[in-house]
Amino acid sequence: MDIDARGPRLGAAVTAVVLAAVLITGNVWLLAWQTLAFALGAAGGVGRSPYGWVFRRVVRPRIGPPKEFEAPEPPRFAQAVGLAFAVVGLVGYAMGPGWLGTAATAAALAAAFLNAAFGYCLGCEMYLLVRRVTVRAE
């Protein structure tokens, strides 16, 4: 079942704010929260992430029905990519080297910002590329 395309964009906006706060403060717990949000989104789809829940329960009823839908698999894959970067960021911030935490968090922030500001989902594009390559290989 397709999902409301506005939900992942809201999630990306909140993610961008959280990751920017991590870069500014170096707060490992805030990055741990975002890692959990990515993990829930990767495991259950973007609707199961905390930001997806807020979108579904609070935002969507106030903005009306969707006009644009998208397949759930690309955003879910994007959550998994975000999870990988967040885990690397956690390792860097918690155990060092610190530059690794900063770099991984900044990369995740860049991807989240692109989705939030321009609707361009890097993880979704990666998913589509992987699908094209694996389908041709079969």
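**Close-up views of a predicted model**

View 1. Leaving aside residues up to four places away in sequence, S49 touches A37, L40 and G41, where contact means heavy atoms within 4.5 Å. S49 sits in the loop between α2 (28–44) and α3 (50–63); helices (H or I, at least four residues) and strands (E, at least two) are DSSP runs, numbered from the N terminus. S49 has a relative accessible area of 6% and is therefore buried (buried is under 20% relative accessible area, exposed over 50%, partly exposed in between, with a 1.4 Å probe and protein chains only). This is a predicted model, in which local features need pLDDT of at least 70, side-chain atom pairs count only at pLDDT 80 or more, and totals for chains, interfaces and linings use all residues. Residues are numbered from 1 along each chain as its sequence is written, and side-chain values use heavy atoms, with hydrogens and water left out.

**View 2. The disulfide of C121 and C124.** One disulfide is found in a search of the whole structure, the term denoting a pair of cysteine sulfur atoms within 2.5 Å. The partners are C121 and C124, with their sulfur atoms 2.4 Å apart. The disulfide is right-handed because the torsion about its S-S bond is about 70°.

**View 3. Burial of the two cysteines.** C121 counts as buried because its relative accessibility is 12%. C124, at 8% relative accessibility, also counts as buried.
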